[in-house]
Structures are given as C-alpha cells and as structure tokens.
Amino acid sequence: MYTLYGAAYTRSFLTELVLTELALPYTLETVDILTQDHRTPAYLAINPAGWVPALRTPDGMILHETPAINLHLSEQHGNDILAPARDNPDRGAFLSALFYLTDELEPALKRFFYPHRYVARDGDDHIIAGKALRDVHTCLQVIEERLQVRGPFHLGARYSLADLTLSYWAKSVGELDGATEFPAVNACAEAVSQRPALQDKFAQLNDMMQAYRERTAQGARVD
Ligand SMILES: N[C@@H](CCC(=O)N[C@@H](CS)C(=O)NCC(=O)O)C(=O)O
C-alpha cells in the first residue's frame, strides 16, 4: 500500500490521479499547506524540501518530486498505459512533452499562485502575478500549437502521463483570465477527464479548487 502526503487542492492530487488510473491502492495523509502543515518538523522529516506531495512506497522508501513520482509509478505498474516504454518510438516525444510541462508551465504557475515570494517590494504581488499569468498563457499557447499539429493527445491518438499532467493543470486553473482560450488544450483535458477511471476524481477536483479559492479569498495563503 502506498501512502501519499498532500492536500486535495495541491499537485498531490495529480499523483492521486495517477494512482487511480493505475488502480493502485493508497492512503492519503493530509498535509494542508494553507495551515502550514508542510513546515512542521514531522513533515520536514518526511520531505525536508517542505513540499507536497511525498510518497511512501510499500517498501518504506520516501519519494518526492511529482513528475518523478508519477513517472516511477507509471513505469512500475503502468503496463505502458501512461508511459511509452524505452524502446517505443514515441518515448522521446513523450519525455519532451512531460518535461515542458514540469520545467516551464509548473514554475510559471508557482509564480502565479505565490507571487509574494518573488517581489522586491511589498505590494508588488499583482505585478508578478500578472507577468506569471502571461508566462502561463505563453506555455499553453505552445502546447496548443503542438496539439493542433498532432492531437488530440501529445502523442496523437495515444494518451499518456503528459496528457494527464496537462489536464490536471488545465482543469485546476480553468478559471484564470484567458486560460479558456486554448481549444486543443481544453479538448485534451476534457477527453482525459471523461476517462471512466478518472471521471469521479476530476469532478472532485472541481469542487476542491472551488473550496481552495474560497479559503484564499478569506486570506489563507502559503507564506
Ligand atoms: N518540485 C516540486 C514542487 C512541489 C510544490 O511546489 N508543491 C506545492 C503544492 S502544489 C507546495 O508544496 N507548496 C508549498 C510551498 O511551496 O511552500 C514537485 O514537483 O513536487
């Protein structure tokens, strides 16, 4: 049995989607970043970086870094569902798509969600958030153009972890200004969210993001 540390409205939910897609049983240990649970000595002993998710494997090893966790699970248990095998001709394109999401889109989203960490002067949060939002849109536009050439998924007709990762973010940020202007991205996310194994989880994601927005509107934030 795997143990996943995280909170519903964080990217640990992306790992939940992977565990669910692969039908792997797991327990969720809630680490709520809006109440700073991720800074407690107990959690820092699990992941000294102070981020969620972390995953405890059945043999007691702790894994961290979401893309690494997700790729590892996909390769250990996936029977090729989520990750093309090393000898698959699509392997390179798959890794390119996945790394673009994790190296470019995710850092821009982090700047958008935590702008106060990047300001030189108090009160400039909105400047950083605005720039981050433009960076998010630039990334989505790049993905849009790739999907328009080879869609509906990153690997054409073949679904993969890259599509699941994109769909998680697209559905999480669906209400950001301008984020709905990417038809191929949204079509990919819609197709993934309708996968029979994932439908319930994506419905849950919607509710959780709503709850997250309400809490942050009331002043809760990650310092
Ligand atoms: N590189 C890490 C980043 C993880 C990350 O930033 N997680 C967020 C939640 S989505 C978090 O723990 N935020 C708390 C913080 O940054 O203090 C990964 O991909 O797992």
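**View 1. Lining of the largest cavity.** Leu-14, Thr-66, Pro-67, Asn-70, Leu-98, Thr-102, Glu-106, Leu-161 and Thr-165 line this cavity in the predicted model. A cavity is a set of points, on a 1 Å grid over the protein atoms alone, where a 1.4 Å probe fits but cannot get out; lining residues have an atom within 4 Å of a point. The largest cavity holds about 40 Å³ of space. Searching the whole structure gives one cavity of 30 Å³ or more. Volume is the space filled by probe spheres set on the points, which are joined across faces, edges and corners.

**View 2. Ligand shell.** The ligand is surrounded by 15 residues, the closest being Val-52, Glu-65, Thr-66, Lys-110 and Arg-117. Domain 1 (2-77) and domain 2 (91-217) each supply at least three shell residues; the bounds come from an automatic or database assignment.

View 3. A polar side-chain atom of Glu-65 lies 2.5 Å from a ligand nitrogen atom. For Val-52, a backbone N or O atom lies 2.8 Å from a ligand nitrogen atom. Arg-39 places a polar side-chain atom 2.9 Å from a ligand oxygen atom.

**Notes.** Numbering starts from 1 along each chain as its sequence is written, and side-chain values use heavy atoms, without hydrogens and water. Local features need pLDDT of at least 70 and side-chain atom pairs 80 or more, while totals for chains, interfaces and linings use all residues.

Conventions
Near = heavy atom within 4 Å. Polar contact = N/O pair within 3.5 Å; in protein donor to acceptor, adjacent residues only side chain to side chain. 1 Å grid on protein atoms, 1.4 Å probe; cavity = no way out; pocket = protein on both sides within 12 Å on 5 of 7 lines; lining within 4 Å.
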